[in-house]
Amino acid sequence: MCGIVGYEGTREACDILIDALSRLEYRGYDSAGIALLGQGEIRIERRKGKVEELRKVLKGAALKGSIGLAHTRWATHGVPSERNAHPHRAGDVVVVHNGIIENYLELKEHLKGAGHVFISDTDTEVIPHLITDHARKGRDLVDSVRLALKELKGSWAVGILKESERTLVAAKNQSPLIVGVGDGEYFIASDIPAIINMTNRFIFLEDNDMAIFKGRDMRIINVDGEDVVREVRQVCWTAGMAEKGGYSHFMLKEIFEQPQAISDTLLGRAREEEGEVEFEGVDLPDPAGIRKIWMVACGTSHHACMIGKNLIETSLRIPVETDMASEFRYRDPIVSPRDLFIAVSQSGETADTIAAMREARSRGASTLSICNVLGSTLAREAENVVFTHAGPEIGVASTKAFTTQISVMFLLTLCIGKRLGIFGPQDVRERLREIRAIPRKVRSVLDEAPSIQAAAARYMFFRSFLFLGRGINFPTALEGALKLKEISYIHAEAHAAGEMKHGPIALIDDDMPVVCISPADRTYKKACGNMEEVMARKGNIILISDDETHEMAPRAGEMITVPRTAYELQPILSIVPLQLLAYYIADLLGMDVDQPRNLAKSVTVE
Ligand code: M6R
């Protein structure tokens, strides 16, 4: 999705902004632009394509100024082009925007009637025109922006710069925007990694906030013009965490970071000696009074929810309903005040997940979010939040978020089970021992990377893959297929193995690799039966199992063995070879692994 950065300080802003923009590239975009205010006028440069294209142009342009805005655009209204790239300008006001202005056509008609001339196809362009329309009536920038924002419907994070007042304004509604607090300088950005090399002190703006930067001072008001106070928070992420650190891609780095990320998730929570799990600052409702648990999310986080459902229902016998956030609120869900609603999101900024949580809250449910990003909307808005502590995830394909989310769900199950009296200290202790061993076991799967890379070279030219799994292994199959398709553009679909003969089996021939996730668990025999059916149709099996002597191994085209663990934790180990397989196939095919086409890291519009 679009990325915004801004600077107000004493240094030359151009390089700072372009560097910050490059750090936002992972979000996905198709064009980029910058506006700088020097001693005289605001100058704008925009280019279709990569930030690098913009950087090249700026080299010769000698754009100077210590106040500025920059933007990466992910097209919603109007094709990717220089004309539609941000910043957009009207009079001496320029605007960068992330989000969607739902009533832009109506506003545009009205503004055209008042003599405003539009040059782009974007919804964004109405914003600078609305602001200048108010300014024409003698209002200053702050009042003009306030009034303009009140006329907008939809979602926005905006950076606004006005030449004649040398003022920068940042405002948001349902799209993320943060302020970085430096020494005598301020930054604005869509997310933390963009400016983490500049500061680790942030203000997380709330909906309807407007941060106003003028002459090294900042104040925050709301759209009604009232002063608001927002805390400056320090985050423990470092600049190095948001860099590739010698890996060829962020995705590969993040796959390899999983042992550490899972250890960090457990830190301070898994208290093995006492047989306790504690989430500091989390005050869950009395589990005995919970009617039902909802687990709602998108994409990879949704797959983690499906595993969470399995964990909770099996151990706690509390009914769990999972849903895709984009579906949840449109089906008039039957939510009661006795329900616990768990929203799961790496970014904490996924628009559908936020909307779903708001819907559940409005129906009286208690809310808990499982998030990775401090200060994100879901983290702020849920009554309770459990952070995954995975560190920044930059690759568009989610990897360590998935395994740390499952780790949190495992701990949560133990915590609730203990309170319900289902688990005694000894049960908790034994289960904690299992999860404590997981980082080491993940490391041993990672040691197999060279052989998985070799397998990738053998399978990279197939155009379609099927992934099968049963029970808790079905979400792993879904996640493996998602990884492969999103970064390699190879068609991949996943099915519950038992469903295969109800349709997907028609696809199987010798041109269709079938990835089967089949640990030695309660589904083993049934999964073997499904594999027999695949082989009978000349399907080529890639088997993922913790059983080296798996009865299907001799006939599988490929076998990747993972260590054994508890049934509930097996997905953490089974997904790692699938992440690696997807990564190596995409890399061997020469794909842009970290920024696959059409995708955005954080989907901040519905
Ligand atoms: O930040 P979130 O966890 O809410 O993001 C949800 C999905 O957009 C995300 O998992 C997406 O499916 C990834 N590209 C998957 O790799």
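Let's start with the layout. The protein chain splits into domain 1 (3-241), domain 2 (246-436) and domain 3 (444-606). Those bounds come from an automatic or database domain assignment. Bear in mind that this is a predicted model: local features need pLDDT of at least 70, side-chain atom pairs count only at pLDDT 80 or more, and totals for chains, interfaces and linings use all residues. Residues are numbered from 1 along each chain as its sequence is written, and side-chain values use heavy atoms, with hydrogens and water left out.

Now the overall build. The chain has 18 helices and 26 strands. Both are DSSP runs, numbered from the N terminus: helices are H or I with at least four residues, strands are E with at least two. The C-alpha atoms fill a box of roughly 80 × 55 × 45 Å along the principal axes. Is the chain compact or extended? A compact globule of 606 residues would have a radius of gyration near 25 Å, and this chain has 25 Å, so the two agree. That radius is taken over C-alpha atoms, and the globule rule is 2.2 Å times the number of residues to the power 0.38.

Next, domain 2 against domain 3. Their C-alpha centres lie 24 Å apart. The contact (heavy atoms within 4.5 Å) takes 42 residues from domain 2 and 40 residues from domain 3. How much area is buried between them? About 3,200 Å², with carbon and sulfur atoms giving 66%. Buried area is the accessible area, with a 1.4 Å probe, that two parts lose on being put together, summed over both. Three residues stand out. His249, Met251 and Val396 supply 19% of what domain 2 buries against domain 3, more than any other three residues.

What about charges across this interface? The rule finds 1 salt bridge there. A salt bridge needs a side-chain nitrogen of Lys or Arg within 4 Å of a carboxyl oxygen of Asp or Glu. Lys601 and Glu393 form a salt bridge through their side chains, at 2.6 Å from N to O.

Which helix gives the most to the side of domain 2 that touches domain 3? It is α8, with 9 residues. That side divides into 20 nonpolar, 17 polar and 5 charged residues. Here Ala, Val, Leu, Ile, Met, Phe, Trp, Tyr, Cys and Pro count as nonpolar, Asp, Glu, Lys and Arg as charged, and the others, Gly among them, as polar.

Back to the whole structure. A search finds 47 salt bridges. Arg230 sits in the loop between β13 (217-222) and β14 (233-234), while Asp209 is in strand β12, 21 residues apart.

Two backbone details to finish. The peptide bond from His86 to Pro87 is cis, with omega near 5°. Pro87 is in the loop between β4 (67-73) and β5 (88-90). Asn208 is not a glycine, yet has a positive phi of about 75°. Asn208 lies in the loop between β11 (201-204) and β12.
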